[in-house]
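I opened a new notebook page for this structure. The entries below follow the order in which I looked things up.

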Amino acid sequence: MNETTIVKTTTWSAGPGCHGGCGVLAHIKNGKLVKIEGDPDHPWNQGRLCARALAMTQYIDHKDRLKSPLKRVGKRGDDKFEEISWDEAFDIIEKKMKKIRKDFGPESMIFSMGTGRDIGPWICMLAYAFGSPNVMFALSGNSCYSPRIAALDTIQGDYSVFDGAQWLEGRYDNPEYEVPECMIIWGYNISATCPDNLFGHWIIDLMKKGTKIITIDPRLSFFASRSKYWLQIRPGTDAALALGFLHVIIKEELYDKAFLENFTDGPRLIRKDTGKLLRESDLISSGSKDNFVVFDQISGLPVIWDTSKQGYRSKEDSQLIQEKDVQPALIGSFEILLPDDSMVTCTTAWEKFKESTNAYTPRAVEKITLVPETIIIKAARFYAKAKPASIHWGVPIDMTPEITPLCHAIASLWALTGNLDVPGGNVFSRPAFNAVAYALPGAEGVIKLKDPKQDIPRIGKDDYGPFNEFIWRCQTDKVIDQIFSDDPYPVKGLWMQTCNPLSGIGMDPKRWQKALEKLDFIVGVDLFMNASLRYADIILPAATFLEKEGVRSWWVPLQTINKAVSVEGCRPDIEINFELSKRFDPDFKWEKIHDLFDEILAPSGMNFKELSKKGWALPPENHASRPYRRHEKGLLRKDGKKGFVTPSGKFELYSTLRENWGLEALPYFKEPPFTPISRPDLYKDYPLILSTGRRSPAFFHAEHRNIPWLRTLDPDPVCEIHPETAEKYQISSGEWVMVENWVGKARFKAKVTKIVPTWMVMATHGWWFPEKKEDPLFKTFESNINMLIPMNEQGKDGLGAPIKHLLCTIRKETEADHV
Amino acid sequence: MSESKKYGLLIDYEYCTGCFTCQVACCQENGWQAPLTGIKVMEIVQDMPRDKAYLTFLPFPTELCVLCAKRTRKGLDPACVKHCMANCLTYGKFTDLAEELEKKPRMVLWSPL
C-alpha cells in the first residue's frame with residue numbers, strides 16, 4: 001500500500017491543543033501522517049488551518065512521544081521510571097485506586113484536567129464510574145470559561161457568543177444573517193487564533209465585510225491598531241468601564257425600550273428596607289418565594305409575576321390576567337401593603353440597576369480605567385447605535401476575582417441594546433441538537449453521576465452558589481487547601497490527564513509541587529514527559545486527535561473525530577478511561593465506545609457511523625439550538641413559554657440567584673486585590689503592573705515548546721517592556737531580566753516594545769524547556785510566571801483569580817540568580 | 001497591454017494578523033526544517049506621532065520561496081495562500097494582481113521568482 005489516502009476529520013485536543021472544530025484532511029501513507037491540510041468543504045474553517053495544526057507531522061512522530069506505560073521506580077520528582085505493559089499498568093491503577101476508594105471513599109480521588117477539550121467528558125466518565133464527584137479544572141478560581149458560562153446562566157439562563165453565522169448553511173451568505181455594524185473585542189488578541197469554540201478569524205471575515213471594531217485591551221493588539229476606538233484599559237477595571245458604557249447608554253436613552261419592558265425583570269419590585277426582591281411570600285403568607293411582584297399602572301395595585309406560569313395575576317386570584325391588561329411600572333417608588341398592615345416602600349429592579357451605574361460617569365470611569373472620558377462616551381454611543389452589534393470577550397474576563405458582576409454588566413450591554421439572539425448580535429449557544437456529552441456548566445449530559453448523593457462531598461460545592469447550581473467541578477483553590485488540611489476529608493490520589501500544573505495551569509507552582517509530594521497515588525496521562533508527570537506513580541501515553549474517534553457538540557456544528565492513524569504504544573484518552581471505567585463500575589452503562597457515542601448523538605437522529613459519514617451537521621430551523629430570537633418564539637424554556645431559563649423567566653438586571661446566594665444582585669466594580677490603588681504598600685516596591693497570558697500563535701499554553709517549526713516562531717520566554725520603562729530600568733531588548741514580586745520571581749527575555757504601556761509589563765506564560773533534559777523537571781520553575789501569582793484570591797462566588805493584574809518589578813538578572 | 005506570464009503573491013497586510021500559518025504551511029509543503037522557511041512573518045511596530053504606535057504584520061517570501069511550483073502546476077494555490085487564516089494572501093498573474101492592488105490600500109505585491 002503505497003497509495004496516499006485522505007481521511008477527513010475534526011481537530012480537537014492533543015495536537016493543536018485547542019478547543020477544536022476545524023475540518024482537516026489527513027494524508028496518510030504507509031500508516032503515517034505525511035501531510036495535513038484544512039478541509040475546503042468544511043463550514044467552520046473553510047480550508048484554512050493554523051500553524052499548530054499544520055505542524056502535526058512534527059508532533060505525531062516526535063522522537064520524545066511517550067510510547068509505553070511507565071512505572072515510577074525513584075523518588076517523586078525524579079526521572080526514574082521503567083516501562084511496563086498496558087495490562088500491568090491498568091492492574092496497578094485498579095488495585096491502588098480501589099484501595100483508596102475502600103479506605104477513604106471515592107471522593108478522595110481527584111480527577112484533574114487542563115483546558116476544555118474532548119477529555120472533559122471522558123474524565124467525568126471515569127471519575128463518575130469510580131464514584132468521585134471531584135473533577136477538577138486545575139486553574140485557580142476555575143478562571144477560564146466556566147465563570148463566564150456560569151455568570152450568563154445566572155442572569156440570562158444560557159450562554160451566548162458572537163454570531164459569525166456559524167449556525168447557518170452557507171454561512172455569511174445565508175439571507176438570515178446580518179453582518180454586525182460594530183463589534184467590541186474585549187480582552188482578546190487574534191494571532192493565537194481561536195478561543196471558546198469560535199474561529200478567531202471569523203472576525204477578520206466580518207471586518208472585510210464592513211464590521212467596525214472597538215477594542216478594549218491594555219496592549220496594542222492587531223485589533224487595537226485597526227479599531228474605530230481603542231480603549232487602553234488598566235487591567236482589572238473592566239467592570240467600571242462596562243458600568244460607564246451603561247451609564248452613557250441609560251442617560252442618553254440609547255437602549256431598546258421594548259426589550260427592557262418585555263424581556264427583562266426591570267419592573268420587579270425591590271424593597272427599600274431590605275434592599276431585596278419583594279416576593280409573593282412577602283404579600284401573602286401562603287405565597288411562593290419564587291414569584292415576584294410588579295406595580296400595575298392600570299389598576300394602581302401590586303400584581304404577582306407567577307414564574308411557574310410566566311404570567312401576571314392578582315394576589316387574590318389564581319387566574320392569569322391578560323398581558324395587555326397589565327402595565328408594569330418601570331420607574332417610581334411604591335408603597336405596598338404587607339399582611340401585618342405595615343407599608344413597605346419599593347422601587348423597581350430597573351431603578352436599582354440604573355442606580356448601580358450612577359457613580360460611573362465617564363469622568364469617574366476615566367480615573368479608574370485610564371481610558372479618556374471622550375473615548376468612553378464615543379465608544380458607548382457607537383456600540384449602542386450600531387445595529388446589529390456584538391461583543392466578543394476573551395479569557396481576561398474570567399481572570400479577575402469579581403468576574404460575575406463584570407459579566408453581568410457586559411451582558412446587560414448586549415441585552416439592553418437589543419442585540420441578544422438577533423442576527424449578527426450575541427446569540428445563545430447551545431450544543432448542536434442539544435447533544436450534550438457531559439456536565440458543562442449549565443447543562444447536564446449523558447455522562448453523569450449515578451446517584452445525586454455522590455455529589456455531596458464535591459469540594460467547594462457548598463461554599464459557592466454557582467458550584468451548587470451550574471458548575472459540576474470542584475473549586476480548585478479549595479482542593480489544594482484540602483490536600484494539606486485533610487479537612488473535611490483526606491485527598492489521597494490524583495488522576496492527572498493532559499494537564500501539567502507545574503508548568504502551565506497551576507498558580508503558585510511550588511505549592512502544587514508540595515501537594516503532589518503529599519499524595520499517595522498519582523496517575524498521569526499525557527503525550528510527552530513533563531515536570532508534573534515526574535510526580536506520577538503510573539504514566540500512560542495518550543494519543544493525538546488523529547489517532548482516535550470522538551464526537552464534538554460544542555455549539556456547532558455537530559461533528560465526529562475520525563481515526564486517521566495509529567501510533568504504536570499510545571492509546572486514545574477515551575479508550576484508557578473506558579477500560580478503567582468498566583473495571584471500577586461493574587454496572588458501567590456502555591458495552592462499547594460506539595454505544596456511548598450513539599447515546600450522546602441520539603438527539604440528532606444520527607448515530608456515530610452515520611454522522612461520521614456525513615462529517616458534520618447543523619441543527620434545523622426552529623430547533624432550540626439554532627438562532628434567532630428564541631426568547632420571542634418560546635424555544636428556550638421547557639414549558640414553551642417566551643423568555644429565558646432564569647428564575648424569573650426574564651433577563652435579570654437584578655439577579656434572583658445572586659440574591660439567593662447572599663451575594664450582590666446588581667453589577668458592581670471592586671478594585672482587584674493587588675493593584676496600585678488597592679495595595680499602595682506593595683506598589684511602592686513593585687511599581688509595575690504585571691499582566692500575563694498574552695497568546696502566542698506557536699503554542700497552546702504549556703504545549704508545543706518541543707515542536708521545531710513552532711518553537712522557532714517564539715523561541716524564548718518573553719517579557720514585553722515599553723521603551724521608556726526599559727530605559728528607566730536600564731534594560732535592552734534581548735537581555736535576560738528577572739520579573740519579581742512578593743510571591744516569587746521568574747526569568748524572561750526582554751522585548752522592548754511600544755505594544756505595552758509604560759506602566760505595565762506583559763510576561764508570557766506556560767514556559768518550560770523540554771530540551772533541558774538534564775533537569776528532571778525541565779527547569780519548570782525558571783521562567784514560569786505563575787511563580788508570581790498567588791492562589792486563594794477567588795471571588796466571593798469561588799470564581800476568578802487575579803491573573804491579569806498583579807504588581808512586579810524588573811531588573812537585569814545577575815549571577816546570584818543562578819545559584 | 002500584453003498579458004504577463006509572471007506570477008506573484010499579493011499580500012493584504014491590513015488583515016495579516018501575525019498567526020504564522022503561512023510559515024508553517026510552507027515548511028510542511030516544502031520540507032524545510034526550522035529555522036528555514038520560504039516565507040517569514042515580520043512584526044512591524046510603527047512609531048506614530050504623539051508617542052503612539054501602529055502594529056502591522058507583513059509576510060515576506062524569502063530566497064527559498066519557489067511559489068510552490070509543484071502545487072501550482074496542478075492548479076492548486078501555494079500552501080501559504082491555501083491556509084492563510086485571514087485570507088490575506090493571493091496567488092496569481094501579475095496583471096490580475098495589479099488590478100487588485102488598485103482596489104484597496106495597504107497591499108504589496110511580491111515577486112519572489
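Is A:His19 buried or exposed? I counted 23 other C-beta atoms within 10 Å, so A:His19 is buried. The cut-offs I use are 20 or more other C-beta atoms within 10 Å of a residue's own for buried, 12 or fewer for exposed, and partly exposed in between, with C-beta atoms placed from the backbone.

Before going on I noted that this is a predicted model, in which local features need pLDDT of at least 70 and side-chain atom pairs count only at pLDDT 80 or more, while totals for chains, interfaces and linings use all residues. Residues are numbered from 1 along each chain as its sequence is written, and chains are lettered from A and ligands numbered from 1 in the order in which they are written.

**Around A:His19.** I placed A:His19 in the loop between β1 (4–10) and β2 (23–29) of chain A. Helices (H or I, at least four residues) and strands (E, at least two) are DSSP runs, numbered from the N terminus. A:Gly116 is 97 residues away along the chain, yet its C-alpha atom is 6.2 Å from that of A:His19. Beyond four places in sequence, A:His19 is in contact with A:Gly116, A:Arg117, A:Cys194, A:Asp196, A:Asn197 and A:Trp554. Contact here means C-beta atoms, placed from the backbone, within 7 Å.

**Helix α8 of chain A.** I looked up two partners of this helix. Helix α8 (238–251) packs on α14 (403–416) of chain A at about 30 degrees, with axes 8 Å apart. This makes α8(A) roughly parallel to α14(A). Axes are lines fitted to C-alpha atoms, for helices over the stretch in contact, and angles run from 0 to 180 degrees between N-to-C directions. Under 35 degrees counts as roughly parallel, over 145 as roughly antiparallel, 65 to 115 as roughly perpendicular and the rest as oblique. Among the residues in this contact are A:Leu246 of α8(A) and A:Leu413 of α14(A).

With α12 (362–369) of chain A, α8(A) makes an angle of about 165 degrees, and the axes are 9 Å apart. On the α8(A) side I found A:Ala240, A:Leu241, A:Gly244 and A:Val248, which meet A:Pro362, A:Val365, A:Ile368 and A:Thr369 in α12(A).

I found a cis peptide bond from A:Lys387 to A:Pro388, with omega near -10 degrees. Another cis bond runs from B:Ala34 to B:Pro35, with omega near 5 degrees. A:Asn30 is not a glycine but has a positive phi of about 50 degrees. With 9 C-beta neighbours inside 10 Å, A:Asn30 counts as exposed. B:Cys68, also not a glycine, has a positive phi of about 45 degrees. B:Cys68 is buried, with 22 other C-beta atoms within 10 Å.

Conventions: Two residues are in contact if their C-beta atoms, placed from the backbone, lie within 7 Å.
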